[in-house]
Amino acid sequence: MKKVFESPKSLTKDPFTYCPGCHHGIAHRLVAEALDEFGVREKTIGVCPVGCSVFAYVFFDCDMICAAHGRAPAVATGIKRAKPDSIVFTYQGDGDLASIGTAEIVHTANRGENITVIFINNAIYGMTGGQMAPTTLVGQVTQTSPYGRDPKTMGYPIKVAEMLSTLKGVAYISRVALSKPAYILKAKKAIRKAFQSQIEGKGFSLVEILSTCPTNWGLSPIEANKWLEENMIPYYPLGEFKTPEEVS
Amino acid sequence: MEEKMLMKGNEAIGEAAIRAGCHFYFGYPITPQSELTAYMAKKLLKMKDAVFVQAESEIAAINMVYGAASTGVRAMTSSSSPGISLKQEGISYIACAELPCVIVNMQRGGPGLGSIQPGQADYFQATKGGGHGDYHLIVLAPSSVQELVDLTMDAFDLADKYTNPAMILGDGLIGQMMEAVEFKERKKINLPDKEGWTLTGCKGREKKYIVPFNLDPYEMEKLNLKIQEKYNKLKEKEVRYETVNLDNADLIIVAYGIVARIAKTVMSNAKKEGINIGLIRPITLFPFPEKIIAETSEKVNKFLVVEMSMGQMVEDVKLAVNGKAEVNFYGRVGGVIPTQSEILTEIKKYLK
Amino acid sequence: MLERIVISGFGGQGVMLIGRLLAYAGMIEGKKVAWIPSYGPEMRGGTANCTVLISSNEIGSPIVSHPKILIAMNQPSLDKFESNVSDDGLIILNDSLIEREVKRNDVNVIKIPADDIADKLGNSRAANMVVLGAYVEQSGIVKMDTIFKALEKVLAGRNKKLLELNKEALKQGAELVRKGKSNG
């Protein structure tokens, strides 16, 4: 009998502890599959953030280090510079990357550090219980925008993929979603391209993954997928924003 | 023996670090230590397999050190007071993750943006932890350019030996001044193998991870106790200090770094006036040389602590003296350096 | 022996450099030396100064409140440091740029038209070397040959013409002092 489906080697056997319907599990799996397919698990060092995915170090079966909130790109820079032959990725949420860690992500991208960033954008702070993120949509209700995000005082949601793609040091940037199988297949492709870009030494790569947070959005998993497609995708268009010719 | 060189303190630190095998430097410019950052750029950018990064901030720089150190290389960052405040988050993480690295603080006058002239007002920050949580740095306080060289090299060894960040606590003056230095051949010492904790990719072994947290409070307490054990060992084995003229002294000055140099001039001037002064100069500020201070307080009943602060190390001296002698304090701050005549006047007040 | 020297002038007059040369020469001769720069905003356009200590013993405090020697390359330097010079100290001043007399009468004064001499040599930037030559001749703190050696080290890689010019400026400064001594 031929085995057609198995758990990626780059994931441990520990069951995910994320909430039902949360996309972290899918994102983890896609990253792990990419590491397996490129055969780089044994030379990969992952950097997990502060936020729900602080536990990524438990789930990825490769060397891992936990950074302070927002600092993963700086930590990854240190690792990659010290061990240029390793494959280094960060896994960061929107509070981590787009709020407290903006300086680190912008300058790591601008230096063209040859690392891969997996950026989970679910428009909310998950770990701390549903506060406004820099990516929270206009009008979206959170614990700290209880009357909806008001751009007059809270600004507009940051489009990270677009913003970073203006930087010359960046090799590959794309935005994907995980709300339906067709999107997941595309997301997998994008993640592969990002790692391929790193393996080929092309420079900084980032995949922004639009994800759900059913718990803090107050929706069922299915409703959350629908909300993402109806509200997030129109503001955060999917697609590739920067590709080196050889990778595209 | 190598030829003597005339070097600026800041540059001497850089040369010492490179000779100690530190080929990974991450920094951000700030007066009065910028020559160190520039020196590392000049040297490391020309060296094979060496790394110099001018980070976007002090915060990023210390986190780059964290990343580099996790792979087992000798890594360093440097700054001056306000920049060191920014690094505290990262330093706390590195201490918790039990990684070795060296941090240089060429102190200036504070608080706030303060001044760019020399200061010693970061003593509490350096010796008591500085960031959040219970941790200490190994803190070395050089008082000459030669000692900057020697202690920088020692700092890397101590950091490796105890898998704990070490700090060179200097000041703007010692960083800016030039003195003759020698880079002496150093004795090889046995340092613990880094194999057990370095992140290198999991080829041929189980994966490893470095996580400076544990959400189980009992496990987190265990980690704290384990780290504390290292500090106890440091206190037992690594205390360093210099003493001058402790016998028959009428008064003991306790001072570190550049202020201890001034104190030495005070001693010789006082002697001409028939006043007999002794000096205890802590070289390690953590672990603090409390034993020698306690022993001396049994014999001499007057102490004067002199610092470029409003009185920080004096608290540790008082703890060590434990009421057995009178402990007085004289300090200048904001970038002002106490003069020998001021200190002598102060001494005479207590010897009336 | 502990010599305490403050050298002061405009930024760009090379006061830091002659301080370093002096310290370097002291080191070559096996003495203990320290060179302490003023640092900060005064580096950018205002007055720059450095302190040099040369001693036969370990140097304690590197802070000099009362230098024994003041080398003033311009008037603001004289204004700033004249009162600090220790009794019976020595002020060497650049007569080309300093119009006023030294007010104190308890110090020795040597006036050197450093810029004029340097101009005649074809490069006014060598004025610093002229006063250094004068000081070395006056004090004998280090040998002139050692200053030459230090100069070769410090200017290593620069063009040879500059080195020769500087040596000549040093010699002429020394010569002035020699003449002054034999006259006085």
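## Where chains C and B meet

Between chain C and chain B, 6 residue pairs are in polar contact, counting pairs in which both residues reach pLDDT 80 or more. Helix H1 (15-28) and strand E2 (32-37) of chain C each give at least two residues to the side of chain C that touches chain B, and the largest share of that side, 6 residues, comes from E2(C). The structure is a predicted model, and the contacts described here are to be read with that in mind.

In total, the contact takes 20 residues from chain C and 24 residues from chain B. The area buried between these two chains is about 1,700 Å², and carbon and sulfur atoms give 67% of that area. On the side of chain C, the residues that lose the most area to chain B are Met27(C), Tyr39(C) and Ile63(C), which together make up 38% of what that side buries. The interface of chain C and chain B holds 1 salt bridge; Lys153(C) forms a salt bridge with Glu3(B), with the closest N and O atoms 3.2 Å apart.

## A sheet with strands from chains B and C

An open sheet of 8 strands, with mixed pairing, runs in the order E1(B)-E8(B)-E2(C)-E3(C)-E1(C)-E4(C)-E5(C)-E6(C). Strand E1 (5-8) of chain B and strand E6 (108-112) of chain C stand at the edges, and each has a single partner strand, so one side of each is left without a neighbour in the sheet. When direction is ignored, neighbouring strands of this sheet are turned by 20° against each other on average.

Within chain C, strand E4 (residues 69-72) and strand E5 (residues 90-94) pair in the parallel sense over 4 bridges, and Leu70(C) has Ile91(C) as its bridge partner in E5(C). Helix H6 (residues 145-162) of chain B packs on the sheet, where this helix touches E1 and E8 of chain B and its direction makes about 60° with that of E8(B). Helix H4 (residues 127-139) of chain C also packs on the sheet, touching strand E1 (2-10), E4, E5 and E6 of chain C, and the direction of this helix makes about 140° with that of E6(C).

## Where chains B and A meet

Of the 2 pairs of chains in contact, chains A and B share the most contacts, whereas chain A and chain C do not touch, their nearest C-alpha atoms being 28 Å apart. In the contact between chains B and A, 35 residues of chain B are in contact with 36 residues of chain A. The buried area here is about 2,600 Å², of which carbon and sulfur atoms give 65%. Glu56(B), Lys207(B) and Phe213(B) supply 22% of the area that chain B buries against chain A, more than any other three residues.

Polar contacts across the interface of chain B and chain A come to 15 residue pairs, both residues being at pLDDT 80 or more. Strand E2 (24-27), strand E3 (51-54), helix H3 (58-70), H4 and E9 of chain B are the elements that give two or more residues to the side of chain B that touches chain A, and the largest share of that side, 8 residues, comes from H3(B).

## Salt bridges across and within chains

Over all chains the structure holds 51 salt bridges, and 3 salt bridges cross the interface of chain B and chain A. In one salt bridge between these chains, the side chains of Asp63(A) and Arg205(B) meet at 2.6 Å, N to O. This pair runs from Asp63(A) in strand E2 (residues 63-66) of chain A to Arg205(B) in the loop between strand E8 (178-181) and strand E9 (209-210) of chain B. Asp63(A) counts as buried at 0% relative accessibility, while Arg205(B), with a relative accessible area of 27%, is partly exposed. The side chains of Glu89(B) and Arg71(A) also meet in a salt bridge, at 2.9 Å, N to O.

Within chain A, Arg111(A) forms a salt bridge with Glu113(A), the closest N and O atoms lying 2.7 Å apart; Arg111(A) is partly exposed at 26% relative accessibility, whereas Glu113(A) is buried at 3%. Within chain B, Lys226(B) and Glu98(B) form a salt bridge whose closest N and O atoms are 2.7 Å apart. This pair links distant parts of the chain, 128 residues apart, with Lys226(B) in helix H8 (residues 217-237) and Glu98(B) in the loop between helix H4 (81-97) and strand E5 (101-107) of chain B. Glu98(B) counts as buried, at 11% relative accessibility. A network of salt bridges links Arg74(B), Asp154(B), Asp157(B), Asp160(B), Arg186(B), Lys194(B) and Arg240(B).

Key: Residues numbered from 1 in each chain as written. Chains lettered and ligands numbered in written order. Predicted model: local features only at pLDDT ≥ 70, side-chain atom pairs only at ≥ 80, totals over all residues. Heavy atoms only, no water. Salt bridge = Lys/Arg side-chain N within 4 Å of Asp/Glu carboxyl O. Buried < 20%, exposed > 50% of the residue type's maximum accessible area, 1.4 Å probe, protein only. Contact = heavy atoms within 4.5 Å. Pairing = 2+ DSSP bridges. Axes fitted to C-alpha atoms, helices over the stretch in contact; angles between N-to-C directions. Buried area = accessible area lost by both parts, 1.4 Å probe. Polar contact = N/O pair within 3.5 Å; in protein donor to acceptor, adjacent residues only side chain to side chain.
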